[in-house]
Amino acid sequence: MNGSALVIKNLEKTYAGGTHALRNVSLEVPAGDFFALLGPNGAGKTTLIGVVTGLVSKTGGSVEVFGIDIEKEPERARTMIGLCGQEVNFDPWMKPLDIVVNQAGYYGIPRSAAIPRAKKILEDLGLADKMDQIGFRLSGGMKRRLMIARALIHEPKFLILDEPTAGVDVELRRSMWDYLTALTKRGITILLTTHYLEEAERLAKHVAIINKGEILVNGTMEEILKLHDGSASSGGYGGGKLEEIFVKLTTDSTNSPQDEKN
Ligand SMILES: Nc1ncnc2c1ncn2[C@@H]1O[C@H](COP(=O)(O)OP(=O)(O)OP(=O)(O)O)[C@@H](O)[C@H]1O
Ligand SMILES: [Mg+2]
């Protein structure tokens with residue numbers, strides 16, 4: 001696939017309280033990519049996703065989704081995107097099938113078309129036997145999968161997932177990554193955030209590391225892994241290469257802007 005799914009230029013976000021959450025962020029996600037946005041807690045990942053999906057207003061810069069400016073044509077840009085947010089945000093008293101079918105309604109998909117489509121997606125995500133009981137009864141990992149199903153119902157070209165595997169057990173995490181990889185093979189572009197760096201190292205094509213609102217590095221996984229200097233990991237804990245690069249970059253004060261007073 002040609003072109004870019006996402007082009008961010010000089011993005012700035014300062015929240016009302018004064019927190020400078022994004023500082024001159026520029027980023028490109030090629031169409032069809034599997035892109036991992038990594039960074040420690042509070043780095044600005046969810047803020048960036050919020051701006052791209054229209055949930056957070058930017059203070060400066062520009063964002064285009066498949067060439068559509070999110071400021072000029074917000075509705076059109078939004079239909080390109082499926083969002084699986086960081087917080088579980090569905091009505092726990094509703095059934096998974098209804099949650100997914102209702103979402104389809106927001107995109108003008110008739111119920112008659114939405115029901116079989118929703119069933120198929122829920123089945124693919126291993127929720128076949130849960131789709132008719134209230135969401136409240138789902139386990140944490142099942143709730144995450146339901147949110148992925150809901151994000152996919154309008155067949156977006158671009159799926160954005162904010163920590164989709166948080167709190168998900170190893171086996172399920174693997175199957176979720178497999179599922180996401182299969183989506184990219186079908187041409188869907190994926191941008192996700194995760195704190196599971198070994199999985200990101202294995203599966204993502206491109207990676208950006210953000211810290212305190214600033215992009216520290218951004219490139220193909222191969223390019224980023226080349227930053228590894230081969231030295232032994234400190235403290236006796238040997239993570240993957242990406243993890244060591246991540247820790248080095250995000251704890252090296254020369255790479256980080258000064259904390260701003262709020
Ligand atoms: N609605 C808000 N109002 C004010 N400040 C906010 C708001 N949302 C986030 N922030 C601040 O912006 C900064 C970036 O937060 P953000 O949620 O984007 O981080 P993150 O990288 O997603 O972190 P995590 O890995 O913990 O999810 C933090 O300092 C946070 O406190
Ligand atoms: Mg976040």
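Against which helices do the buried residues of α3 pack? I found that they pack against α4 (111-124) and α5 (140-152).

The model is predicted: local features need pLDDT of at least 70, side-chain atom pairs count only at pLDDT 80 or more, and totals for chains, interfaces and linings use all residues. Residues are numbered from 1 along each chain as its sequence is written, with chains lettered from A and ligands numbered from 1 in the order in which they are written.

Entry on α3. I took helices as DSSP runs of H or I, at least four residues, numbered from the N terminus. In α3 (residues 96-106) I list Pro96, Leu97, Ile99, Val100, Val101, Gln103 and Ala104 as buried (20 or more other C-beta atoms within 10 Å of the residue's own, C-beta atoms placed from the backbone). Gly108 follows α3 and has a positive phi, near 75°.

Entry on α3 and α5. Their axes (lines fitted to C-alpha atoms over the stretch in contact) are 8 Å apart, and the packing angle is about 25°. I therefore noted α3 as roughly parallel to α5 (angles under 35 degrees). On the α3 side the contact (C-beta atoms within 7 Å) is made by Pro96, Ile99, Val100 and Gln103, and on the α5 side by Leu146, Ala149 and Arg150. I sorted this contact by class into five nonpolar, one polar and one charged residues.

Entry on ligand 1. Of the 13 residues around it (C-beta within 6 Å), Tyr15, Asn41, Lys45, Thr46 and Thr47 come nearest. Helix α1 (residues 45-52) gives the most to this shell, with three residues.

How values were computed:
Helices (H or I, at least four residues) and strands (E, at least two) are DSSP runs, numbered from the N terminus. A residue is buried if 20 or more other C-beta atoms lie within 10 Å of its own, exposed if 12 or fewer, and partly exposed in between; C-beta atoms are placed from the backbone. Two residues are in contact if their C-beta atoms, placed from the backbone, lie within 7 Å. Axes are lines fitted to C-alpha atoms, for helices over the stretch in contact, and angles run from 0 to 180 degrees between N-to-C directions. Angles under 35 degrees count as roughly parallel, over 145 as roughly antiparallel, 65 to 115 as roughly perpendicular and the rest as oblique. Ala, Val, Leu, Ile, Met, Phe, Trp, Tyr, Cys and Pro count as nonpolar, Asp, Glu, Lys and Arg as charged, and the others, Gly among them, as polar.
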